[in-house]
Each structure stands twice: as structure tokens, then as C-alpha cells.
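Let's walk through this one from the inside out.

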There are 2 protein chains.
Amino acid sequence: MRISERSKKAPASPIRKLVPFAEEAVKKGKKIYYLNIGQPDIPTPSIYFQYEEKHRPQIVAYTHSAGLLPLREAFTKYYARFDIDVFPDEIIVTNGGSEAVLFAMTVVADPGDEILVLEPFYANYAGFAAQLGINLVPVRTRPEDGYQIPKMGDFLEKISHRTKAIIFSNPCNPTGAVYDEKQLEVIAEVALKRDLFVISDEVYREFTFDGFRAISMMSFSNISDKVIVVDSISKRYSACGARIGTFITKNKDIYQAAMKLAQARLCPAMTSQYGTIGLLTLDDLYYSQMRKEYEMRRDVVYEELQRIDGAVFKKPHGAFYISVKLPIDNSEDFVKFMLTEYEVEGKTTMVAPLSGFYVTPSTGMSEIRIAYVLEREQLRDAVAILTSGLKTYIERRNK
Amino acid sequence: MRISERSKKAPASPIRKLVPFAEEAVKKGKKIYYLNIGQPDIPTPSIYFQYEEKHRPQIVAYTHSAGLLPLREAFTKYYARFDIDVFPDEIIVTNGGSEAVLFAMTVVADPGDEILVLEPFYANYAGFAAQLGINLVPVRTRPEDGYQIPKMGDFLEKISHRTKAIIFSNPCNPTGAVYDEKQLEVIAEVALKRDLFVISDEVYREFTFDGFRAISMMSFSNISDKVIVVDSISKRYSACGARIGTFITKNKDIYQAAMKLAQARLCPAMTSQYGTIGLLTLDDLYYSQMRKEYEMRRDVVYEELQRIDGAVFKKPHGAFYISVKLPIDNSEDFVKFMLTEYEVEGKTTMVAPLSGFYVTPSTGMSEIRIAYVLEREQLRDAVAILTSGLKTYIERRNK
């Protein structure tokens, strides 16, 4: 009697596996700046709670498996602001963006099939693929050019007769890259040429700076029957714990297939759905304030990181992450060092080693991801501690 | 570009596919008694909402992937009342019992593997198995003996080298059967003999009548490393839309494997978790009142069904379902008839055809499932309409 092969293959979360070291540090009285996870520090807008209360039911009953119709209608309006034309019957409300990814992979690929992924990528893609017996095939992006989408040849050489789709996030977690139209056209072209589905993870849509804008794959009308958009309210409304995401497609077969999955799991949480209807009434002011706040934070981190000799990175234009190649061999070892051996006035900083965001073995070993989810003052201190810690780490390891 | 084979194989919900006929009937002004789905009509206890409010956070953040520790501690206490000894680190809080089933199947079986299932079974097992590329192999139970667990030989003859587990629910959805110790020992023996996991779905634990008690598979200490209990608060607290379930195991490997799945999807909805902590403070009075209410309803349905000539069924002792074999050839056709062609004073009754609860082709075609989720007065009227409708149906079809 053994556990399944697929559960052995499923990777442990690269972020969560370092948590025990953090817990140990806290026990010893250290203060940790957590720049390792994408949990925003901004309060959830109060309208979320107002709507929860306003719609308190007699019975917390099953909702429609695609989500409450008023919620899907509210999403339709929300997407229209980005010139994304989707109707309520093209949307399935999911248990977070996570479930939307799971649904997307399930409906496009069978066990043994392959999905191309822009690497480094959101680490949990690997977990979902393993559960489903799907092989992720990486297409590399690189810190030297700010992790931009590579040329078409890099995709084509990775495609086999088992390749079913391409998955990526834009703005990108973990790199913060925002892809322009020309880059996205490469993906659209590949999809068209090789008849692949495109799973576009757009959960950081609003998080773009320096005049950049996130372009949805929905806007490529020549591949509209091939596109599945994966989305989530978690980041934009600081409501990660609501677990509300969306699965969107104009392909009726794909929609119907995903609806069977949605029906089997019955529905997303009712209260969270009502709260989200409230969030979707927020106006541009909310988004522009949030964007401004994160842009200023990005500037702080970018500025502080300049002080590191030998660090390789470009200014990222989106999400709330920055990935950096450091002059070290093993960033996981460095993260452990920061938690167990280093402190400045009782404080230290935790970041995510980037190797867990790669599927190619022994890759990303020099890279880290910083999530700028703290206010500026703390952020400046956190990155300064990281920078001085790195210096000490390199000195000690070179001894 | 095609959808995956597994999504083609995934069955549409047998309950939901008849919904369009019901919608049409409602549009025409018919009143429908819905006895087709397991959505209780009893209000969710107000303590659910009190706890939601009491624990309103600043940020609706990710919780622990296994669920909030206070919630798991509350579950530990709840289970102790049934002499089920489980610790918080043996529990994973899931998005409803649905996700617990999905996790259980994923960690015990790979694509192409087999899981034995007591048939008829909770229809969504088939959906989850299809998504995961797992084959469900049925072990039949029969209306003639009240759908009891068959003898060991019936299991053994279905076991191959790819068989990994047995799944069943007790009390049983859809049949209402409650299995006694001797019957459950058959399953424990088979698991022991053939080294199989046992996935025990115990979501109707409190719904037992006539002095019957639901015995947890956790109480079979000789197979404690083989047991995964799947549970849900949906039915017992009339909180289906909260989407809170549990995955429970004493097998550390299985727990760790399931935790990787839990981490990939991050966490269950925070608000629902807090509400559930409230529900778990309810005392025996709540459960005994609920049990009494459902027992009286069961009696009403049982009594009314006696009037049907040629119906085959035994008095069920649990859940809130009764499955009945009717003197007809196609119960799906009969359900459609009730919705489209029949009414009494503008009213009709909707039940679930049982064929969708079987994986064996062309089986259960004469059977239906009745969910007694209405108060007695309405229930009596609903079943009377069903009975008279059946008479008319048989007359017309025999013409």
C-alpha cells in the first residue's frame, strides 16, 4: 500500500518549506520582514464586509456551480473596463485562481500530455500539473533581459505531438515582467501555428507601472477560441482568503467541459461570492491609489537593490515582485542563512529562493524573488538588511 | 485542438442535467417540490454568522493550508464526541467534502488505477475519478435488501493489481442505508487482505434513526493506517454553501501527500472557517432536534411510498434519502414526465433518477432517489403527487 506516484512527484511548496526556519527564528525572538509570499498588507476594502452582511441568507445554500449570476454579471462589467468582452455564461467563478488553473489544465490535457510554461513561473503550476499527470515543458526567460518572452523558435523547439497548451502569467509572478503586444503576439502565433490552447493567468492585471498596461490574451481575436483566462480577486482587493477566482473562455466546448468539473465540486463559498460583488463596485480611484502605492514600493526596492555588486536584474513594470540574480550559488542556502544566522538589531528578512519557480533541474539557484508587500519604511529597512546580510553571507562562504 | 479525453469522459451531473426541464416548468407557472437535491431547508444556525462577524479581519488573508488551527482543534473536539480520536495535525480542512474526495483519490491512485465503489454511490465520485483518470469499479448493492454491503466475495472478484482503494458513504447517499459493524468489517477485512486504502465518506454521521448509529471507519484500529475519512459540515449544519469539509487520516505519508495538494490550492475560504468554529460549539440538543425532524420526515415518505404497488424498498435508517425501485423502465423519462406533463393543482414533484448514481451501464433505470428536505406537510403533498403521477405515467406508457 503506497501513495500514488503523482503525489510523490508533486513538489512541496518552495515557499512554505522554509517556514519552519522562520518559525524557529520567531521563537528565538527575531523579527522577520516577510517578503517571501504574495500576501498584501493592505486592508481588504470594507465594502467586502458590507456586502457579506447585506446578503446574509437564511440558509447558506449551494449557489449555481458557475457562481451567483449577479456576481458573474458584475465580473462582466469589471472586464468591460479593460475592453475585455466576456459574458456571464463565459465565466465560471472558482475557488481562487488556483482552481481556475486546475480546471484549465484538466480540460486541455490528459495524463502524459505536455503544457509549455514560461519559466520561471508561479510555483503552484507544477503542483497542479503533477496531480493531473501532465508534464510541464519549460521555455526559459532570463534575468539579463528582465525575463522577457523569448523568440518563437524557443517555443517551437519544445513542442511535441503531446503538447496541448501554453501557460504563463502577465504581469508575471515571480518576475514582475509585463509583456508588450509584440511579445504576446509570439505566443498567439505559436498557438495558432501549432493549434495549442493558451492559459493566460492575469491576476495582477491592475499592478502595472511606468505607463505600462497589461494586455489580456482575450484581445487577440484570431485565437479567441483557444484562450482560457485565469483570474483572481486575491491580490487586487487584498482578499486572498476569500478564495474567489474566475475561469473565462469563449470556447463553448471548453466551457462545458469546465462546467462539469465545477458541478462535481458544487460551488464556491457563498459568503465570499457576495463580498466580491461588493468589491467589484469599487471605482478607478481605488485601483489608481493601489497602483501608486505599489509603484512607490517597487521604486524603494529597486533603488536599494542597486547597492548590490554583481546583482542582475531589470526594473520590473508589474505585479508586486522583483526577481534578482545574486552573486551566489545557492539562494535557498542564503535564505536559510538569513533566518538562522543573520540579524540586524534583532531583525531579518525572508525572501523566496527562485529555484522552486523553475522546473528545469538546478536552475534559478542564484535567483531570489522579493514580494514588496510591506509599506515603504519597513521595505527599505528589510531590503537594507537583505543587502548587508548578503555581504556577510558571501564573506563567510568565501572563507 | 480538442478538449481532453478525461473531460469528455467526466459525466454531467445526473441531477443538474434535468434542471432545464424544471426551469421550463417554473416558467409556465408550475410549483415544484424539489426532492431531487440534498439541499436542506433548515436555516443555518445563527452562531455561524455571529462567528463570522466576531472574527472579522482587517485583511481577508490566506490561512494555513490545512485550515485555521483553532478550527482544526474544534474539529478534534467534535470528533471526540463520536469516540473518533483525531488530532489537529491529522485533519486538513477542505473546500467541502468534494475537495476531500478529490484529495483522497489523488493521493491513493494514479491514472489507470482502480477504486472499488459501493454502487449506487454519490454521483460526483464518478466526476472526480474521471478528472483524475481513475477507473471506478462497482460493487453492487440492491434495493431488495435495503442496499446492504454484500459479502466479501463480491469485493474480491472485482480486485485487480491496479485496485488501490474502496470508497463508500455511510450513512449512504443515495440509499439511506446505515451499515452495522459486521458489514463494515467486511470492508476492513478486504482492505487488510488486499492492502487497499479505505475512503470513508461520513458526511451524514448525525443522520441516523431508529436507534441506529453511524460507525466511523476510524474505529477499526487494525486498518487505521489505511483509512481516509471524508467529511463535511454541509448537511449537519445546513451550510452547504460554506464549502467546509475535512480530510482525515492517521497515515503520515498520506497526510503529507495531501498537504502538498492543499498547499498548491493555498487554503479554504477564511470567513467560512470562522463561521464553522461557531457551528462546532453547538451542543447535543441541536443534533437531537435535527435528527428527530428528519426521522419524522423519513416516516412520512416511507408511509406514503407504501401506497405504490410494485415499489421495492426497505425502510432506510440514515442520511435524508430513500432510494426506491419503481415498476417502470426508465426513471429519467419518468422525472421528465413529472416536470413536463404532470401536475396536481399546479404543483409537481422533482426527484433524482438513480441511473446516474451507477457506473454500470443501464443500471438503476427503474430506481429513483428522494431527498426529504422539506417540512412534513409539503413532503406529504409532494410524495402524494409523485405517487399519483406515477400511476398516470404507467397508464399512459402502457397504452
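The largest cavity holds about 400 Å³ of space. A cavity here is a set of points on a 1 Å grid over the protein atoms alone where a 1.4 Å probe fits but cannot get out; grid points are joined across faces, edges and corners, and a volume is the space filled by probe spheres set on the points. Before going further: this is a predicted model, where local features need pLDDT of at least 70 and side-chain atom pairs count only at pLDDT 80 or more, while totals for chains, interfaces and linings use all residues. As for bookkeeping, residues are numbered from 1 along each chain as its sequence is written, chains are lettered from A and ligands numbered from 1 in the order in which they are written, and side-chain values use heavy atoms, with hydrogens and water left out.

Back to that cavity. It is lined by 28 residues, and those nearest its centre are A:Tyr122, A:Asn124, A:Lys235, B:Tyr62 and B:Leu266; a lining residue has an atom within 4 Å of a point. Helix 5 (96-108) and strand 7 (227-232) of chain A each put at least two residues into the lining, and helix 5 of chain A gives the most, with four. (Helices, H or I with at least four residues, and strands, E with at least two, are DSSP runs numbered from the N terminus.) Sorted by class, the lining has twelve nonpolar, eleven polar and five charged residues. Ala, Val, Leu, Ile, Met, Phe, Trp, Tyr, Cys and Pro count as nonpolar, Asp, Glu, Lys and Arg as charged, and the others, Gly among them, as polar.

Over the whole structure, the search turns up six cavities of 30 Å³ or more. Of its 22 lining residues, A:Glu99, A:Leu102, B:Asn95, B:Glu99 and B:Leu102 are the closest to its centre. Two or more residues come from each of helix 5 and helix 6 (124-132) of chain A, along with helix 5 and helix 6 of chain B.

Now for an open space. The second largest pocket has a volume of about 860 Å³, a pocket being an open set with protein on both sides within 12 Å along at least five of seven lines. Among its 32 lining residues, A:Arg16, A:Val19, A:Glu23, B:His64 and B:Ser65 lie nearest the centre. Helix 2 (19-27) of chain A and helix 9 of chain B are the elements giving two or more residues.

What about the contact between the chains? Chain B and chain A contribute 78 residues each, with contact meaning heavy atoms within 4.5 Å. The size of an interface is often given as the accessible area lost when the parts come together. Here about 6,000 Å² is buried between chain B and chain A, 55% of it from carbon and sulfur atoms; buried area is the accessible area (1.4 Å probe) that two parts lose on being put together, summed over both.

How many salt bridges link chain B and chain A? The count is two, where a salt bridge is a side-chain nitrogen of Lys or Arg within 4 Å of a carboxyl oxygen of Asp or Glu. B:Arg56 pairs with A:Glu53 in a salt bridge, with the closest N and O atoms 2.7 Å apart. On the chain B side of the contact, helix 1 (5-9), helix 3 (47-54), helix 5 (96-108), helix 6 (124-132), helix 9 (252-264) and helix 10 (270-279) each supply at least two residues. Helix 9 of chain B has the largest share of that side, seven residues, and the side as a whole divides into 38 nonpolar, 22 polar and 18 charged residues.

Counting over all chains, there are 58 salt bridges. Within chain A, A:Glu293 forms one with A:Arg297, the closest N and O atoms being 2.8 Å apart. These two are separated by about one helical turn because they sit four residues apart in helix 11 (residues 284-305) of chain A.

Finally, the backbone. Most residues other than glycine have a negative phi, and most peptide bonds are trans. A:Asn170 and A:Pro171 are joined by a cis peptide bond, with omega about -10 degrees, and A:Pro171 sits in the loop between strand 5 (163-169) and helix 8 (181-194) of chain A. The bond from A:Asn173 to A:Pro174 is cis too, with omega near 20 degrees. A:Asp83, in the loop between helix 4 (69-80) and strand 2 (91-95) of chain A, has a positive phi, near 60 degrees.
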